[in-house]
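Hi,

Here is the structure I promised to send over.

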There are 2 protein chains.
Amino acid sequence: MTPATATRTLSTAEQRRAELLEAAVPVFAERGYHAAPTMAIAKAAGISQAYLFRLFPTKAELFAAVTGIASERMLATFREAAARARAAGADPLEAMGQAYGDLLERDRDVLLVQLHSQVAAGAEPLIREAMRRCFRDLYELVARESGAGSQDLQAWFAHGMLCNVMAAIGADALDETWARALTGEEGETE
Amino acid sequence: MTPATATRTLSTAEQRRAELLEAAVPVFAERGYHAAPTMAIAKAAGISQAYLFRLFPTKAELFAAVTGIASERMLATFREAAARARAAGADPLEAMGQAYGDLLERDRDVLLVQLHSQVAAGAEPLIREAMRRCFRDLYELVARESGAGSQDLQAWFAHGMLCNVMAAIGADALDETWARALTGEEGETE
DNA sequence: GCAATGTGTGATTGGTCACTCACTACCGGG
DNA sequence: CCCGGTAGTGAGTGACCAATCACACATTGC
């Protein structure tokens, strides 16, 4: 299998799997779990649909893996933001919140996959597992990096969820009272 | 059309439409917009699939109407809770938060429809419209009844969104640190 | 050189689903 | 009594989609 020349980290199949996953992210992000056809995903990855099913035996497994990718992107963002904040002597929790806001604008796919995973979790056990892992890792990281109490953490996560929903319905593009109040960066008091 | 005997509030077609809507709520709640077949909805309502499409020309329109129903159920709950709180001299905002928690346990469908609507809003303009209306009405009502500032309102809605997500992934049934912290009733400090 | 193993595909298949059409049954008014 | 409109349906239709299968091409160890 692995050739004698020791340093071979990925077999080509694993490489393909990784590529497929990356290509699947935007497709699932745009159309959701049910509405995204495996054909479109395979095409985006530049492989045949048949081979997609060899790399991931079911669509649910593929989607669960994509959920994991989105989770990892968030984790990486938070880790980095916290490190930078600590170096600058700023509040890590606030920095991570800021970083999440930026991430939502920069990498819309992460948000959308997150959202789609939440609903798909209701019906597909594999996806529910992936989502729970996602929250567990996120909570652990944010708690450790920030040192905040559970009450602050709850409020922090709650704010993140509100950001998700507001982004999903495009509230940031609206000029109505409720939309400005709920998307606002918790600054203005009235 | 309407017969001479003045007081005829609903034509039978409107009646059927209302019945269909009520029947559609649990089906959409359980399976989501894409995965819920119109056939199953029609069966639940006791009508033929063909007639369903006469009452609502497209599936998206039907789902948008269901979103509206969920919205109305929430509005009614909040109105009632606020009235009771005001009568008892309690804080209306807190009472409405409590009422939302109760509603999520009593009427799971409302939560699930809410969640499914959020994601479907990304792709279906009709559903996006319905969701925006939902948030507008909700925000207006809660703001009026509570008299709270926009910052408190934002936090209140954020907490509601977190409740939704935690319920969706069944976090309340887990015995892990993160799950207890994020589903907790903002009481315990550590 | 050749078997074995792994990478990759085209064609299909069985099933489902939104939506349509042609049609029947009823009901109130003239 | 019949006529127009409304309630209601059975039987499709075309499109799409997850998953399968049989088969080809490359690489490698022997």
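Which residues of helix 2 (residues 38–45) of chain A are buried? They are A:Thr38, A:Ile41, A:Ala42 and A:Ala45. These four cover an arc of only 100 degrees around the axis, which puts them on the same side of helix 2 of chain A. In general, an α-helix has 3.6 residues a turn, so residues three or four places apart point the same way. Helix 1 (12–35), helix 3 (49–55) and helix 4 (59–88) of chain A are among what covers the buried residues of helix 2. After helix 2 of chain A comes A:Gly46, with a positive phi near 75 degrees.

Before I go on, some housekeeping. This is a predicted model, where local features need pLDDT of at least 70 and side-chain atom pairs count only at pLDDT 80 or more, while totals for chains, interfaces and linings use all residues. Residues are numbered from 1 along each chain as its sequence is written, chains are lettered from A and ligands numbered from 1 in the order in which they are written, and side-chain values use heavy atoms, with hydrogens and water left out.

As for terms, buried means under 20% relative accessible area, exposed over 50% and partly exposed in between (1.4 Å probe, protein chains only). Helices are DSSP runs (H or I, at least four residues), numbered from the N terminus. The arc is taken from the directions from the helix axis to the C-beta atoms.

Now the interface. Chain B has 41 residues in contact (heavy atoms within 4.5 Å) with 41 residues of chain A. About 3600 Å² is buried between the two chains, and carbon and sulfur atoms give 68% of that; this is the accessible area (1.4 Å probe) lost on putting the parts together, summed over both. The rule finds two salt bridges across the interface (a side-chain nitrogen of Lys or Arg within 4 Å of a carboxyl oxygen of Asp or Glu). B:Arg136 forms a salt bridge with A:Glu176, with the closest N and O atoms 3.5 Å apart. On the side of chain B that touches chain A, helix 1 (12–35), helix 6 (108–123), helix 7 (125–146), helix 8 (150–168) and helix 9 (177–183) each supply at least two residues. Helix 8 of chain B gives the most, with 12 residues.

Leaving aside neighbours within four places in sequence, B:Asn164 is in contact with residues including B:Tyr100, B:Leu104 and B:Gln114.

Cheers
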